[in-house]
Amino acid sequence: MDSLVIQIASYTEQALNFTWLPLLIWTLIGVPAWFFLRMAKNVHPQYHYHGRLALIFALPAGIIFLGLLQAAESLFFPEAPAQTMKFVTITAPIEIGVTASEPSASIALAEYFYAMTAVLFFSGILYLMTRFLAQWIQISRLKRTLTFLPISQSFKLDTANQKLAAAHPRTIRLAFLDDEVVPVTFGFREPVILLPASLRHDSGKCNLAIRHELVHILYKDFITHA
């Protein structure tokens, strides 16, 4: 068990030594930018949206860029082989029958810290994957209980929404749910829009909600959010 903890701590230490610089740079830039977006109420919502997406993608992009730089450095500027010294060994003619006991592998406090960091990190990944899987199962069950029709056949669209729907290469389907739900869209290969039934008889509000969801579909936000 101790050897496993030490091995995990070693891998985590190497990962942190590799990622601490982009993490620091991202924190120094991202925290002020995030506070600015929180305080700037007059900024257009589209800039808010794309600004937050940029903050999210900046960290993995920085880590990938640093990895490419190090790979290029090792490829074009390989380290010179270390000069080894040769020793002449002389074996004693008499064997001494004293066997030293192997030292026990003791775990330092820093190794515990690195191991716990790895456990927390992968626990977070497992939690998010489980949550995503639960949402996917919930959506799949919901799709089996509803009847989705092409958006042009299920509701009278205004001219702007007709143009947006026609701009998408795939057929967008629409369904109304009896429960009071927030309008939502999901699916990439088969994009669908789910609206509450209370909007069915309000043409203005329904077209406004549909336009909002059509923009999400056109920008492929379902993949981004996933």
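In which hand does H1 pass H2 in their crossing? The crossing is right-handed, a term for a near helix turned clockwise from the far one by less than a right angle, with anticlockwise giving a left-handed crossing. The model is a predicted one, in which local features need pLDDT of at least 70, side-chain atom pairs count only at pLDDT 80 or more, and totals for chains, interfaces and linings use all residues. Residues are numbered from 1 along each chain as its sequence is written, and side-chain values rest on heavy atoms, with hydrogens and water left out.

To start with the overall layout, the protein has 7 helices and 4 strands, taken as DSSP runs numbered from the N terminus (H or I of at least four residues for helices, E of at least two for strands). Read from the N terminus, the order of elements is α-α-α-β-α-α-β-β-β-α-α. Of the 226 residues, 23% count as buried, where buried means under 20% relative accessible area, exposed means over 50%, and partly exposed is in between (1.4 Å probe, protein chains only). Among contacts (heavy atoms within 4.5 Å), those between residues 24 or more positions apart make up 59% of the ones with a separation of 6 or more.

Back to the pair in the opening question. The axes of H1 (residues 2-39) and H2 (residues 45-76) come within 10 Å and cross at roughly 170 degrees. That angle makes the two helices roughly antiparallel. Axes here are lines fitted to C-alpha atoms, for helices over the stretch in contact, and angles run from 0 to 180 degrees between N-to-C directions. Angles under 35 degrees count as roughly parallel, over 145 as roughly antiparallel, 65 to 115 as roughly perpendicular, and the rest as oblique. On the H1 side, the contact involves Phe-18, Thr-19, Pro-22, Leu-23, Trp-26, Gly-30, Ala-33, Trp-34, Leu-37 and Arg-38. H2 brings in His-48, Gly-51, Arg-52, Leu-55, Ala-58, Leu-59, Gly-62, Ile-63, Leu-66, Gly-67 and Gln-70. Sorted by class, that contact holds 12 nonpolar, 7 polar and 2 charged residues. The nonpolar class takes in Ala, Val, Leu, Ile, Met, Phe, Trp, Tyr, Cys and Pro, the charged class Asp, Glu, Lys and Arg, and the polar class the others, Gly among them.

Some residues in this region deserve a look of their own. Thr-19, in H1, counts as buried because its relative accessibility is 16%. The Thr-19 side chain also reaches the backbone oxygen of Ala-15 at 2.9 Å. Over in H2, His-48 is buried too, at 13% relative accessibility. With neighbours within four places in sequence set aside, His-48 is in contact with Leu-37, Ala-40 and Val-43. Phe-36 belongs to H1 and is exposed, with a relative accessible area of 53%. Phe-36 and His-48 lie 12 residues apart along the chain, and 9.8 Å separates their C-alpha atoms.

H1 also meets H3 (residues 109-145), with axes that come within 8 Å and cross at roughly 80 degrees. These two helices are therefore roughly perpendicular to each other. Val-5, Ile-6, Ile-8, Ala-9, Thr-12, Glu-13 and Leu-16 make the contact from H1, and Glu-111, Tyr-114, Ala-115, Thr-117 and Ala-118 from H3. The split by class is 8 nonpolar, 2 polar and 2 charged. Phe-113 sits in H3 and is exposed, at a relative accessible area of 52%. Between Phe-113 and Glu-13 there are 9.6 Å from C-alpha to C-alpha, although the two are 100 residues apart in sequence.

Residues up to four places away in sequence aside, Cys-206 touches Phe-155, Phe-176, Leu-195 and Leu-199.

Conventions
A polar contact is a pair of N or O atoms within 3.5 Å; within protein, one must be able to donate a hydrogen and the other to accept it, and residues adjacent in sequence count only if both atoms are side-chain atoms.
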